[in-house]
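Please load the model in your viewer and keep the sequence panel open beside it. We will go from stop to stop, selecting one thing at a time.

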Amino acid sequence: MNTESFTLEDLQRRAEQCRNCDLAAARTHLVFGTGSPTAKIVLVGEGPGEQEDRQGLPFVGPAGKLLDIMLEIIHLDRSRVYICNIVKCRPPHSRDPLPEECQACSPWLEGQLQCLQPKIIVCLGRIAATRLISQDFRITRQHGQWFDRNGCRCMAIYHPSALLRDVSKRPETFVDLKELAAEIRRQRIFPEEGA
């Protein structure tokens with residue numbers, strides 16, 4: 001799909017008609033993405049959960065509340081970033097999306113990234129990192145490290161739901177967030193805020 005002339009709204013309208021995999025049949029709402037259409041920082045999770053499917057917005061459940069706190073730590077909020085997922089429909093019982101589901105949904109994510117042209121992508125968890133950074137990505141060893149993806153800086157951090165289950169990972173994530181903030185300053189993404 002050539003998305004060069006599409007806006008995010010165009011893509012979302014087309015994605016709402018998508019039946020590329022079985023996930024579409026059971027969804028309540030497509031969960032396309034939310035945030036600034038001019039964002040230079042994109043956060044990518046794995047897939048919608050129950051609350052997200054109900055509301056049609058990513059990260060609105062308990063993990064979303066924690067994500068908001070994580071963003072606040074580095075003086076960000078949802079109005080300054082764009083948040084989406086690898087798959088746009090909820091997998092049954094909020095299981096991990098299957099490789100074929102990720103593949104079926106990849107044109108929508110790639111379209112979003114083409115529209116946004118981000119300078120930084122933050123993968124929220126292992127599944128997003130294996131799709132966007134490397135198939136053999138190891139979140140426990142490689143979180144917080146920078147990778148280049150088509151001229152864009154890409155990092156993975158623990159998924160907020162993992163941090164809800166295992167609070168011992170929170171100090172590492174705090175370090176990763178500080179590194180993200182440093183990269184935002186290095187790239188002068190918000191030049192009005194100075195160096």
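The tour below starts with the sheet, moves to the helices on it, and then visits cysteines, open spaces and a few single residues.

**Before you start**

This is a predicted model, in which local features need pLDDT of at least 70 and side-chain atom pairs count only at pLDDT 80 or more, while totals for chains, interfaces and linings use all residues. Residues are numbered from 1 along each chain as its sequence is written, and side-chain values use heavy atoms, with hydrogens and water left out.

**Stop 1: the sheet**

Switch to cartoon and select the strands. Helices (H or I, at least four residues) and strands (E, at least two) are DSSP runs, numbered from the N terminus. Six strands form an open, mixed sheet, in the order E1-E3-E2-E4-E6-E5. Strand E1 (34-35) and strand E5 (146-149) are at the edges with a single partner strand each, so one side of each has no neighbour in the sheet. Two strands count as paired if DSSP finds at least two bridges between them.

Now select residues 41-45 and 82-85, which are strands E2 and E3. They pair in the parallel sense over four bridges, and Gly45 stands opposite Asn85 in E3.

**Stop 2: strand E4**

Next, select 120-124, which is strand E4. Which strands pair with E4? E2 is joined to E4 by four bridges and runs parallel to it, with Val42 opposite Ile121. E6 also pairs with E4 in the parallel sense, over five bridges, and here Leu124 stands opposite Ile157.

Show the side chains of E4. In a regular strand, side chains alternate between the two faces of the sheet. Ile120, Val122 and Leu124 point one way from E4, whereas Ile121 and Cys123 point the other way. Five of the five residues of E4 are buried, where buried means under 20% relative accessible area, exposed over 50%, and partly exposed in between (1.4 Å probe, protein chains only).

**Stop 3**

Select helix H5 (residues 99-116), which lies across E2, E3, E4 and E5 and runs at about 165° to E3. Contact here means heavy atoms within 4.5 Å. Axes are lines fitted to C-alpha atoms, for helices over the stretch in contact, and angles run from 0 to 180 degrees between N-to-C directions.

**Stop 4: the cysteines**

Show the sulfur atoms. How many disulfides does a search of the whole structure find? It finds zero, a disulfide being a pair of cysteine sulfur atoms within 2.5 Å. The closest cysteine sulfur to that of Cys21 is in Cys89, 6.2 Å away and too far for a bond. For Cys123 the nearest cysteine sulfur is that of Cys154, at 4.0 Å, and Cys123 is in no disulfide. Is Cys123 buried or exposed? Cys123 counts as buried, at 0% relative accessibility, while Cys21 is partly exposed at 24%.

**Stop 5: pocket and cavity**

On a 1 Å grid over the protein atoms alone, a cavity is a set of points where a 1.4 Å probe fits but cannot get out, and a pocket is an open set with protein on both sides within 12 Å along at least five of seven lines; lining residues have an atom within 4 Å of a point. Grid points are joined across faces, edges and corners, and a volume is the space filled by probe spheres set on the points.

The largest pocket has a volume of about 630 Å³. Select Glu46, Ala63, His159, Ser161 and Arg165, which lie nearest its centre among 29 lining residues. Helix H8 (160-165) is one of the elements giving two or more residues to this lining, and H8 has the largest share, with four.

There are also two cavities of 30 Å³ or more. The largest cavity has a volume of about 90 Å³ and is lined by 15 residues, with Cys18, Cys21, Arg27, Cys89 and Cys105 nearest its centre. H5 gives the most to this lining, with four residues.

**Stop 6: loops and a threonine**

Select His93 in the loop between E3 and H5. His93 has a positive phi of about 55° although it is not a glycine, and His93 is exposed, with a relative accessible area of 76%. Gln117, in the loop between H5 and E4, also has a positive phi, near 50°.

Finish at Thr130 in helix H6. Thr130 is buried at 18% relative accessible area and touches Gln135 and Phe137, not counting residues up to four places away in sequence.
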